[in-house]
Amino acid sequence: TQLSLADLSALREEVQGGIKADIRVDGALAKPSVRIEAQGVDMLILDKPLEDFTVSASGIADPENLQAKLDIAGRYENQPVSVKASVSGGQGGAPVVDSLDVNVPGANANGRLVADDAGILTGELALDITSLADLGQLFLQQDLAGSLSGSIVFSDRNSAQAISATLKAPKIEASGVEANALALQADVDDVRSLQGLVASATAESVIASGTTVENLDAEVSGSLEKLPFAVTATVFEEPASVSGEFSSIDGTMTVALEKAEATFKAIPLELVEPVTVTVAEAGTNVETATVKVGSGTVTASGTAGEELDFDVSIAALPLDLVENVAATGMDQRGTLSGNATIRGTPTEPNVDYDLELADLSVDPGTGSRTPDLAVQSTGQFESGVLTTRTVATGTGAEVNISGSVDVDSDLALDMDVD
């Protein structure tokens, strides 16, 4: 019997070309002999040729004496691709993978696996991924780099498929994130339901968006319906930690943060009370999240999706923290309080705000501090234009500033001062 599939892109657009197979079955009906010979036809993966692709499989489908061999070969990116397996019948007729050897660009896996009547595997596979970049091309992932090695152990736990994995990587890069000296350990009691998951990861450093996280130590345990986690690290040369619970049910991801602490440029940051963040198809919802910033607080709540609906409030935020973030040499003192509402869309946000600066003073380095001022500012940002009204009072004087700033027109100003 001949079988032909002319257009593999109908199954996966990144794969092109076709495949032709010759299938032969003969022998006794109770234990037939099966042989399959297949060849690729002008096959491409990510527009790169998979050359000399062949599949050869043969065996005897005898329940009492199962025998089978599989040999897949080809060349991709001028490197050999091969999968070889030998299967026989074990105790009770259960199939045993006596030998499995997988060689693909950048990776090798080999080991021995035994399957029982329920299809549960026992055995071990050794992994040696010398180039994630090469391997990623084969699996249609183009942004991987680095190497990885370790082992995966398959076992039976209470009639369920369990897996334990130990992996190490000197360096891995993916989607703009770089992890160095990475060590992973994972153990799951039931692969199908992902119940009884216990996993940990450590890394000497993780670099993302120009920020370096050092001494990363992360742990999770539970299941996808309820997965507690704890992470500690060094960020901006200061200790940081976060703990909570993750869940994923019916396409909705929920992160319930219990505790979060960090220090940014000598400014202590702390989550005041637990908060839940929900990510669904409709958007992201943040319950009331209050973060202590120095001696002040910032509170935010709302949703972000196709439409924005956020409320933000600031209470007694010390102005001297500005010097920690961006030194001005003005030695600002005072506090910032106020509220803002954010509506509209992510590309066209509308912001209304009402801010108050109390006891504002500066010292420009002359040793003479300005008198305290009280500043009240209200305004709106809409369609790229900021409209504002600000009143500053102090030492018996009052200054009013009102007008607009067109952000989309090189910050064009139209302001009145009286």
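**Figure 1. Phe-264, a partly exposed ring.** Let us start with one side chain: Phe-264 is partly exposed, as its relative accessible area is 26%. This is a predicted model. Phe-264 has a partner, Phe-236, and the two rings form an aromatic pair of the edge-to-face kind. Their centres are 4.8 Å apart, with 70° between the planes. Phe-236 sits in the loop between strand E16 (227–235) and strand E17 (238–249), while Phe-264 belongs to strand E18 (residues 252–264), so the pair ties together parts that lie 28 residues apart in sequence. Phe-236 is also partly exposed, with a relative accessible area of 41%.

**Figure 2. Glu-237, in the loop between E16 and E17.** Glu-237 is found in the loop that joins E16 and E17, where Phe-236 also lies. What is the phi of Glu-237? Glu-237 has a positive phi of about 65°, although it is not a glycine. To see why that deserves a look, keep in mind that most residues other than glycine have a negative phi. Glu-237 is exposed, because its relative accessible area of 73% is over 50%.

**Figure 3. Ala-266, in the loop between E18 and E19.** Follow the chain past Phe-264 in strand E18 and you reach Ala-266, in the loop between E18 and strand E19 (267–271). The phi of Ala-266 is near 70°, a positive value in a residue other than glycine. Is Ala-266 buried or exposed? Ala-266 is exposed, with a relative accessible area of 56%.

Figure 4. Which residues touch Ala-230, leaving aside its neighbours within four places in sequence? Ala-230 is in contact with Asp-217, Ala-218 and Glu-219, and also with Val-242 and Ser-243, once those neighbours are set aside. Ala-230 is partly exposed, with a relative accessible area of 36%. For a sense of distance, pick out Leu-355, which is 125 residues from Ala-230 along the chain; the C-alpha atoms of the two are separated by 36 Å.

**Figure 5. Ser-82, a buried residue of strand E6.** Ser-82 lies in strand E6 (residues 79–89). Ser-82 counts as buried because its relative accessibility is 18%, and buried means under 20%. Beyond its neighbours within four places in sequence, Ser-82 is in contact with Ile-72 and Ala-73, as well as Asp-101, Val-102 and Asn-103. For the protein, buried residues make up 28% of the 418 residues.

**Figure 6. Gly-89 and the span of the protein.** Gly-89 also has its place in strand E6, and it is partly exposed at a relative accessible area of 35%. How many Å separate the C-alpha atoms of Gly-89 and Thr-387? The separation is 79 Å, for two residues that are 298 residues apart along the chain. The protein contains 2 helices and 29 strands.

How values were computed. Residues are numbered from 1 along each chain as its sequence is written. This is a predicted model: local features need pLDDT of at least 70, side-chain atom pairs count only at pLDDT 80 or more; totals for chains, interfaces and linings use all residues. Side-chain values use heavy atoms; hydrogens and water are left out. Helices (H or I, at least four residues) and strands (E, at least two) are DSSP runs, numbered from the N terminus. Buried means under 20% relative accessible area, exposed over 50%, partly exposed in between (1.4 Å probe, protein chains only). Rings of Phe, Tyr and Trp (its six-membered ring) pair if their centres lie within 6.5 Å; planes under 30 degrees apart count as stacked, over 60 as edge-to-face and the rest as tilted. Contact means heavy atoms within 4.5 Å.
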